Amino acid sequence: FLTLSTRLSELFPGNTSYLCNIGSYHMIAKEDFKTAIKYYNKVLKQKPDDYTAIRNGILAARRMKNVKTEKKYLEMMVRYGPEKESLQAKGRLSMLNR
């Protein structure tokens with residue numbers, strides 16, 4: 001999975017799905033949340049409204065217990081996410097800002 005996604009990312013640098021796949025590999029298989037977030041940030045530089053990168057960034061930040069990073073991704077979800085997720089993100093931000 002990692003090898004294929006890495007190679008496809010090299011062949012198709014404009015396709016951010018492969019970078020998300022690499023981030024997901026690090027988050028799930030390696031439990032390396034910091035590296036996963038690096039890949040999600042790369043995706044968001046190219047495509048700031050990428051739902052998968054935003055959602056997985058929230059999950060990785062929570063696993064790291066990094067509230068500052070989680071807030072950053074929650075703000076993106078409020079801005080770019082579907083209505084239901086945007087409302088949930090607003091609620092979570094409100095709770096974290098207490």
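Helix H4 passes helix H5 in a left-handed crossing, a term used when the near helix is turned anticlockwise from the far one by less than a right angle, clockwise being right-handed. Helices here are DSSP runs (H or I, at least four residues), numbered from the N terminus. The model is a predicted one, in which local features need pLDDT of at least 70 and side-chain atom pairs count only at pLDDT 80 or more, whereas totals for chains, interfaces and linings use all residues. Residues are numbered from 1 along each chain as its sequence is written, and side-chain values use heavy atoms, with hydrogens and water left out.

Two packed helices are described by the angle between their axes and the distance between the axes. For H4 and H5, the angle is about 150° and the axes are 8 Å apart; axes are lines fitted to C-alpha atoms, for helices over the stretch in contact, with angles from 0 to 180 degrees between N-to-C directions. H4 and H5 are therefore roughly antiparallel to each other, the name for angles over 145 degrees, while those under 35 count as roughly parallel, 65 to 115 as roughly perpendicular and the rest as oblique. On the H4 side, the residues that meet H5 are Tyr51, Ala53, Ile54, Arg55, Gly57, Ile58, Ala61 and Arg62. Their partners in H5 are Thr69, Glu70, Tyr73, Leu74, Met76, Met77 and Tyr80, where contact means heavy atoms within 4.5 Å. By class, this contact of H4 with H5 holds 10 nonpolar, 2 polar and 3 charged residues (nonpolar: Ala, Val, Leu, Ile, Met, Phe, Trp, Tyr, Cys and Pro; charged: Asp, Glu, Lys and Arg; polar: the others, Gly among them).

Arg62, in helix H4, is worth a look of its own. Its relative accessible area of 34% makes Arg62 partly exposed; buried means under 20%, exposed over 50%, and partly exposed in between (1.4 Å probe, protein chains only). Leaving aside neighbours within four places in sequence, Arg62 is in contact with Glu70, Leu74 and Arg92. From Arg62 to Phe33 the C-alpha to C-alpha distance is 9.4 Å, although 29 residues separate the two in sequence.

H5 also meets H3. The axes of H3 and H5 come within 13 Å and cross at roughly 30°, and the two helices are therefore roughly parallel to each other. H3 passes H5 in a left-handed crossing. Ile37, Tyr40, Asn41 and Leu44 of H3 meet Thr69, Lys72, Tyr73 and Met76 of H5. The residues of this contact divide into 5 nonpolar, 2 polar and 1 charged.

Tyr18, Leu19, Cys20, Ile22, Gly23, Ser24, His26 and Met27 are the buried residues of H2, and they pack against helix H1 (2-11), helix H3 (33-46) and helix H4 (51-64). In H1 lies Ser5, which counts as buried at 3% relative accessibility. Beyond residues up to four places away in sequence, Ser5 touches Tyr18, Asn21 and Ile22.

Two loop residues complete the picture. Most residues other than glycine have a negative phi. Glu31, in the loop between H2 and H3, has a positive phi near 50°. Lys65, in the loop between H4 and helix H5 (67-80), has a positive phi of about 60°. Lys65 is exposed, with a relative accessible area of 72%.
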